[in-house]
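Open the model in your viewer and keep the selection tool ready. The tour below goes stop by stop.

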Amino acid sequence: MNGGWRLPGPTLIGLADESDLPPEIAERLNAFVGRDWVFAAVAGWLAGEGASFLLTGPPGSGKSRIAEQLAGYPQCAYSHFCRARDPSSNPVTFVERLGEALDRRLQGYREVLKDRATQNVSISGQATAGVVESGGSVIGTSVQIHIHDLSPEAAFDETVRKPLEELCDGDPLLVVVDGLDEALTAGARNLAELMSYVVRSPPPRLRFILTSRSGEVRVLDRLGVPDLDLRDDMPGGWSDVAEYAFQNLTRLPSASMIQGSGVSGY
């Protein structure tokens, strides 16, 4: 079932619709260089059956840029980038946004969620209109999910796990969560805690790629030993910096082009 996975890289064709990605991420998808050994490791994991892949690395080692590339993968259903003290990294908010992403992706999800809706989980629709080429218009609705008075774990079960259990089987979908160490600022009920609960008993179809700072014991205690660390597991003799420098140096104008432009040197 996982044989169709393809991993993003500098020349990936067939990215997810970039309108689903934050603009600052979409604009960087084609500028990524290197880290083929990382994507090879992720590909090996995707070919198996594991529920989660934990990627760690020191600050500035490129975890978020790798996560951005994975967010552009066509079968990525949802990507979440944690920021310290940002309300969006509240675990219940994460569940709401994940549910809204699944609604956009999965036929029948909305109907199942409506049938299951309780006083703790409500949904509302917002109509959107667009012009089609013939001059007509098309109207669609996007769902907004609101969760009240539920723990993050109960919210996940009601909004994600149980609806997916009711839907028919299908191709696996990827969820990328970057920067779990940043989410620890939310307190005891944080996204790392929720991910620990989720990956111990994963819902159908969803597989999770998670990133965190190397050695963050509050994440590792919940999620276990990382599957890959960007510093400790880099193959010997591999230089992503050299590859990046070579690719970007080849884009520099030649001396003759500079002279022809009238720009003087130093």
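A salt bridge here is a side-chain nitrogen of Lys or Arg within 4 Å of a carboxyl oxygen of Asp or Glu. The model is predicted. By this rule, 13 salt bridges are counted.

**Stop 1: confidence**

Colour the chain by pLDDT. The mean is 79 for the protein chain. Of its residues, 70% reach 70 or more. Now select residues 8-19, where the pLDDT is below 50. Beyond near neighbours in sequence, this stretch has 25 contacts in the model. Then select residues 241-250, where the pLDDT is again below 50. Here the model shows four contacts beyond near neighbours in sequence.

**Stop 2: Asp 103 and Arg 110**

Select Asp 103, in helix H4. That helix spans residues 91-105. Are the two partners buried or exposed? Asp 103 has a relative accessible area of 9%. Arg 110 has 19%. Buried means under 20%, so Asp 103 counts as buried, and so does Arg 110.

Show what surrounds Asp 103. Leaving out residues up to four places away in sequence, Asp 103 touches Tyr 109, Arg 110 and Val 143.

**Stop 3: helices H5 and H6**

Select H5, residues 109-116, and then H6, residues 152-166. Which numbers describe such a pair? Two packed helices are described by the angle between their axes and the distance between the axes. For H5 and H6, the axes come within 10 Å. They cross at roughly 115 degrees. The crossing of H5 past H6 is right-handed.

Show the side chains at the contact:

- From H5: Tyr 109, Val 112, Leu 113 and Arg 116.
- From H6: Glu 158, Thr 159, Lys 162, Pro 163 and Glu 166.

By class, the contact of H5 with H6 has four nonpolar, one polar and four charged residues. Keep Arg 116, Glu 158, Lys 162 and Glu 166 on screen. These residues are linked in a network of salt bridges.

**Stop 4: Glu 153 and Arg 189**

Stay on H6 and pick Glu 153. A salt bridge joins their side chains, at 4.0 Å from N to O. Which parts of the chain does the pair tie together? Glu 153 sits in helix H6. Arg 189 is in the loop between helix H7 (180-183) and helix H8 (191-200). The pair therefore ties together parts that are 36 residues apart in sequence. Glu 153 is buried, at 16% relative accessible area. Arg 189 is partly exposed, at 49%.

**Stop 5: Asp 181 and Arg 213**

Move to H7 and select Asp 181, then Arg 213. Their side chains meet in a salt bridge of 3.8 Å, N to O. This pair links distant parts of the chain, 32 residues apart. Asp 181 belongs to helix H7, while Arg 213 belongs to strand S6 (residues 206-213). With 13% relative accessible area, Asp 181 is buried. Arg 213, at 38%, is partly exposed.

**Stop 6: Ser 89**

Select Ser 89, in the loop between strand S2 (76-81) and helix H4. Now show its contacts, leaving aside neighbours within four places in sequence. Ser 89 is in contact with His 80, Cys 82, Arg 83, Ala 183 and Leu 191.

**Stop 7: helix H3**

Select H3, residues 63-71. How many of its nine residues are buried? Seven are, so the helix is largely enclosed by the rest of the structure. Pick them out: Lys 63, Ile 66, Ala 67, Glu 68, Gln 69, Leu 70 and Ala 71.

**Stop 8: Asp 229**

Finish at Asp 229, in strand S7 (residues 228-229). Asp 229 is buried, with 5% relative accessibility. Draw a distance to Pro 58. The two C-alpha atoms are separated by 8.5 Å, though the residues are 171 apart along the chain. Leaving aside neighbours within four places in sequence, Asp 229 contacts Trp 37, Thr 56, Gly 57, Ser 214 and Met 234.

Key
Residues numbered from 1 in each chain as written. Predicted model: local features only at pLDDT ≥ 70, side-chain atom pairs only at ≥ 80, totals over all residues. Heavy atoms only, no water. Buried < 20%, exposed > 50% of the residue type's maximum accessible area, 1.4 Å probe, protein only. Helix = DSSP H or I, 4+ residues; strand = E, 2+ residues; numbered from the N terminus. pLDDT = per-residue confidence, 0-100. Contact = heavy atoms within 4.5 Å. Axes fitted to C-alpha atoms, helices over the stretch in contact; angles between N-to-C directions. Left-handed = near helix turned anticlockwise from the far one by under 90°. Nonpolar A, V, L, I, M, F, W, Y, C, P; charged D, E, K, R; others polar.
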